[in-house]
Amino acid sequence: MDLKAIDRTDRALTRLNAALSIYRETILPEAQNPERQILYWIEHSKDTLADEFRCFAIQRASAVVGYLQYSYFREEHIFFFEYLCISDKARRGLVPSGAVRSIEEYLGQNYRPDFTIVFEVARKRNDTGRWEADSKLLAYFRRLGFRAVEFEYRYPILQSYDGETSYPADLMVRLPGTRTKITASEMRTVLRCLYFKHYLRWDRPFLTPDLFGERERLINQLY
């Protein structure tokens, strides 16, 4: 498998649309960012910023089979995989290991070693309306070296700013080397990155000053 960078919205439209189609199909509606916001940040991904925002189509030969979206926090040396979506009709399983190997190779070739990777596994409502962990997905990523943090994590609402303000998720991390335990200090750093350097930064271009102030108060409460 190969990673194909998506850094323009006016080129390789077939690839972009195929990747976003997989994103729409595989991510829970409440965990999706509006596509207009994703397209905005793709167009601004090359802006001179302290941190990075990157999107990729994951391809097998000429077929798009996945979508990867991440933020990289340079100072903290942390990657936040906001979306890792795979829909490969030719292969069975949750996320084919070939895609994971391709991502590992890309990060190893383009970034300094000993980084941390963080991502959220959104919880789902069961038939009774209660939120429950996606145990199948958690077990899969544990086999790939990730660990679920024992922490009542919530991510802020993404599609609108009315109604329920946050949703539960399991936070998973992959630490440098063979480490399997995250310290309290490292956990605070991760939360600051996610809440303030990703979510709050992401929202700023789309909100009026008053709405942004409300959003900032929500992020502060979650932190």
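Tyr 153 counts as buried, with a relative accessibility of 1% (buried means under 20% relative accessible area with a 1.4 Å probe, protein chains only). This is a predicted model in which local features need pLDDT of at least 70 and side-chain atom pairs count only at pLDDT 80 or more, while totals for chains, interfaces and linings use all residues. Residues are numbered from 1 along each chain as its sequence is written, and side-chain values use heavy atoms, with hydrogens and water left out.

**Around Tyr 153**
- You will find Tyr 153 in strand β9 (residues 153-156); strands are DSSP runs of E, at least two residues, numbered from the N terminus.
- Beyond its neighbours within four places in sequence, Tyr 153 has contacts that include Glu 120, Tyr 167, Pro 168 and Leu 191 (heavy atoms within 4.5 Å).

**Aromatic pairs**
- The structure holds 25 aromatic pairs, counted when ring centres of Phe, Tyr or Trp (its six-membered ring) lie within 6.5 Å.
- One of them joins Phe 53 and Trp 202 edge-to-face, at 5.3 Å centre to centre and 70° between the planes (edge-to-face means planes over 60 degrees apart).
- Phe 53 is buried at 3% relative accessible area, and Trp 202 is also buried, at 3% relative accessibility.
- Ring pairs also link a cluster, including Phe 56, Tyr 70, Tyr 72 and Phe 115.

Definitions and conventions
Helices (H or I, at least four residues) and strands (E, at least two) are DSSP runs, numbered from the N terminus. Buried means under 20% relative accessible area, exposed over 50%, partly exposed in between (1.4 Å probe, protein chains only). Rings of Phe, Tyr and Trp (its six-membered ring) pair if their centres lie within 6.5 Å; planes under 30 degrees apart count as stacked, over 60 as edge-to-face and the rest as tilted.
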